[in-house]
Amino acid sequence: MGEVRKLQKKLRQIENLEIKISLTPEEKYKISRKAELRSRLAELQLQLSGLQQTLGIVGDGNKEKMKRQVENAPETLSSQMPPASKILKGEAESKAEGTPAPAARQSTAEGNEGETAGPQDATESAKVSLQSREESGCSPEELLQQEEAEFSSLKASWEKARFRLRLLEGHNDIVTSVVAVDNLVVSGSRDTTVKVWHVPTATEQKNLGGHTGGVTCLSAPPPEYCRRLARSLSLSDKERFILSGSADCNVKIWALSIGQCVRSIYTFNAVTALSFAPEGDGYIITGSDGGKVQAWSWHTFQNCQSVKAHEEAVTSIQSQGPLVFSGSAEGGVSVWENRRFEREPFKLLHHWSSQVTGLSGRSGGRLTLSPRGDKVVLAYGRASIKILHWRTGVISRLTNHSSITGVTDCVHQTGGILIGSCYNLANGESSLNLFSLPQFRYLASLTWPDAPRILCFAAWTTGSGDHRWVTGGRDLIVWEQLPSSGKNRGDVTVKRDRLMDTTVLESEGDTEEDEDADDCKDNGDGGAEGAEEDGSPGSPGSWLRCVLQ
């Protein structure tokens with residue numbers, strides 16, 4: 001297993017090197033060995049068999065302790081985010097009664113849902129059935145049968161799903177962030193630009209230039225907050241704005257209809273994560289390469305809070321009602337409550353270190369998170385996805401790849417499903433894996449020929465209820481769901497990996513963490529590729545540095 005881990009680490013290094021702008025002769029040589037290393041890794045994979053490879057667990061033959069986690073009560077799947085008061089009330093009641101608070105759906109840029117045959121219908125019917133079961137008084141056996149029937153229906157609908165793919169060409173470097181606004185897709189790239197795309201025609205509508213460093217993150221304020229700013233600028237009430245963060249230490253606010261920057265905030269640090277907190281007057285939340293989390297008033301655009309919240313770069317920030325979640329390169333997660341104060345508005349509720357999340361050992365890594373109710377889904381470049389119960393610190397693991405050579409770069413929750421990107425270091429294959437919510441059960445995998453590595457993701461639904469997705473990385477691609485009964489077969493292959501049919505497993509003891517620890521030991525082999533330390537351009541944790549350069 002030691003050689004497998006070494007090869008995995010070297011391939012991660014090569015993947016990071018390939019997104020660098022300039023390369024040294026030594027780095028070019030390392031990249032030239034990619035095919036050779038992949039071939040050797042494939043040979044070793046063929047030699048591995050049994051439970052270790054099936055579960056994607058690395059061990060030394062010791063029996064791993066795992067326990068299937070059973071959800072005692074299903075979570076509600078409300079169609080909208082409850083008000084802040086309801087979330088806080090739910091938390092208070094959960095503390096008093098000793099039971100989890102009701103889960104709240106993550107706010108997304110989804111449109112109105114209509115009537116159409118396909119996965120969206122199956123998801124909506126599952127929501128209605130879930131609510132009716134809670135009031136039916138059925139026996140536990142009957143409830144399990146109903147749940148299984150609904151899952152089978154949802155799985156069957158996704159197995160018939162069809163998507164048309166359209167490439168959006170215009171960026172000349174990797175796409176680091178994407179958001180969806182109405183019929184528009186907005187993308188940020190390391191080429192320093194923000195581009196606006198018209199989805200129905202798949203054409204570039206505007207090129208927003210102004211940053212002097214790579215764009216690392218984007219966020220879209222809700223319409224009501226856009227109206228406030230538009231009125232103060234004497235613009236139309238229908239104006240929509242986009243926030244962009246960059247390595248040049250600036251956050252820029254762009255008016256999409258006129259294609260101009262209307263405000264610029266200098267943060268004194270490279271901006272590595274960004275989100276909008278829609279509570280009270282509204283706040284822009286930024287994360288820096290030094291671990292700072294800062295809040296900026298949407299009313300005055302002045303800084304109202306600055307906290308050194310993490311040891312390393314903040315790589316992901318997401319809001320959910322009155323809560324804000326921040327994740328960092330060292331694997332830690334913080335949960336903040338918006339108290340709507342003029343100064344110091346955010347109170348730290350919980351901080352879960354990398355020792356708790358189980359994501360330690362990869363300095364300078366990239367953690368992305370997606371909150372939903374009392375759980376936060378975490379991706380950290382591994383074969384599995386972690387699920388953090390942020391109130392208690394309990395961690396669960398969800399298999400996202402049937403091989404130990406798989407990595408997960410981003411996760412997203414939309415329309416009753418969890419979507420996880422999946423990239424195989426051994427053969428370069430890329431896919432999206434779909435899981436049902438709230439049970440986290442595997443539905444299907446979507447892929448297509450020569451699919452690139454997916455680094456960022458956004459989703460919404462059309463007025464008719466069809467899914468629209470956009471993925472970014474080396475390529476920027478729009479996914480358009482097609483009618484399942486049409487003649488068009490689509491561009492995407494839907495497949496199922498039987499090795500992925502597993503429930504959420506509660507972690508007990510080291511598994512993947514040992515792999516990272518061994519990676520550090522492997523650096524002592526004396527070879528040129530083993531001599532690099534974490535944080536150097538070729539190390540596993542250098543993705544962020546490659547983006548910021």
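Rings of Phe, Tyr and Trp (its six-membered ring) are taken to pair if their centres lie within 6.5 Å; planes under 30 degrees apart count as stacked, over 60 as edge-to-face and the rest as tilted. By this criterion W158, F163, W448, F457, W469 and W479 form one aromatic cluster. The model is predicted, so local features need pLDDT of at least 70 and side-chain atom pairs pLDDT 80 or more, while totals for chains, interfaces and linings use all residues. Residues are numbered from 1 along each chain as its sequence is written, and side-chain values use heavy atoms, without hydrogens and water.

The protein has eleven helices and 32 strands. Helices (H or I, at least four residues) and strands (E, at least two) are DSSP runs, numbered from the N terminus. Of its 549 residues, 58% count as buried. Buried means under 20% relative accessible area, exposed over 50%, and partly exposed in between (1.4 Å probe, protein chains only). The protein exposes about 22,400 Å², of which carbon and sulfur atoms supply 48%. Areas come from the Shrake-Rupley method with a 1.4 Å probe; for residues, only the protein chains shown count as cover. Among contacts (heavy atoms within 4.5 Å) with a separation of 6 or more, 56% join residues 24 or more positions apart.

The structure holds 14 aromatic pairs. One of them is W158 with W469, stacked at 6.1 Å centre to centre and 25 degrees between the planes. W158 lies in helix α7 (residues 140–159) and W469 in strand β29 (residues 467–473), so the pair ties together parts 311 residues apart in sequence. Both W158 and W469 are buried. The ring centres of Y283 and F346 are 5.4 Å apart and the planes stand at 75 degrees, so this pair is edge-to-face. Y283 in strand β12 (residues 283–288) and F346 in strand β18 (residues 346–352) are 63 residues apart. Y283 and F346 are also buried.

A nonpolar core is a set of buried Ala, Val, Leu, Ile, Met, Phe, Trp, Tyr and Cys residues joined through side-chain atoms within 4.5 Å. The largest has 22 residues, and W158, F163, L434, W469 and W479 have the most contacts inside it. Elements giving two or more residues to this core include α7, β2 (162–167), β26 (430–436) and β30 (477–482). Beyond its neighbours within four places in sequence, W479 contacts residues including F163, L432, W448, W469 and V492. Apart from this core lies another, of 19 residues, among them Y225, F241, V251 and A255.

Helix α8 (residues 223–232) buries Y225, C226, L229 and A230. Down the axis of α8, the buried residues fall within an arc of 140 degrees, so they line one face of the helix. The arc is that of the directions from the helix axis to the C-beta atoms. On the other side of α8, R231 and S232 are exposed. Cover for the buried residues of α8 includes β8 (241–246), β9 (250–255) and β11 (271–277). Just after α8, S234 takes a positive phi of about 60 degrees.

S275 is placed in strand β11. With 7% relative accessibility, S275 counts as buried. Not counting residues up to four places away in sequence, S275 touches S219, Y283, I284, I285, I317, Q318 and S319.
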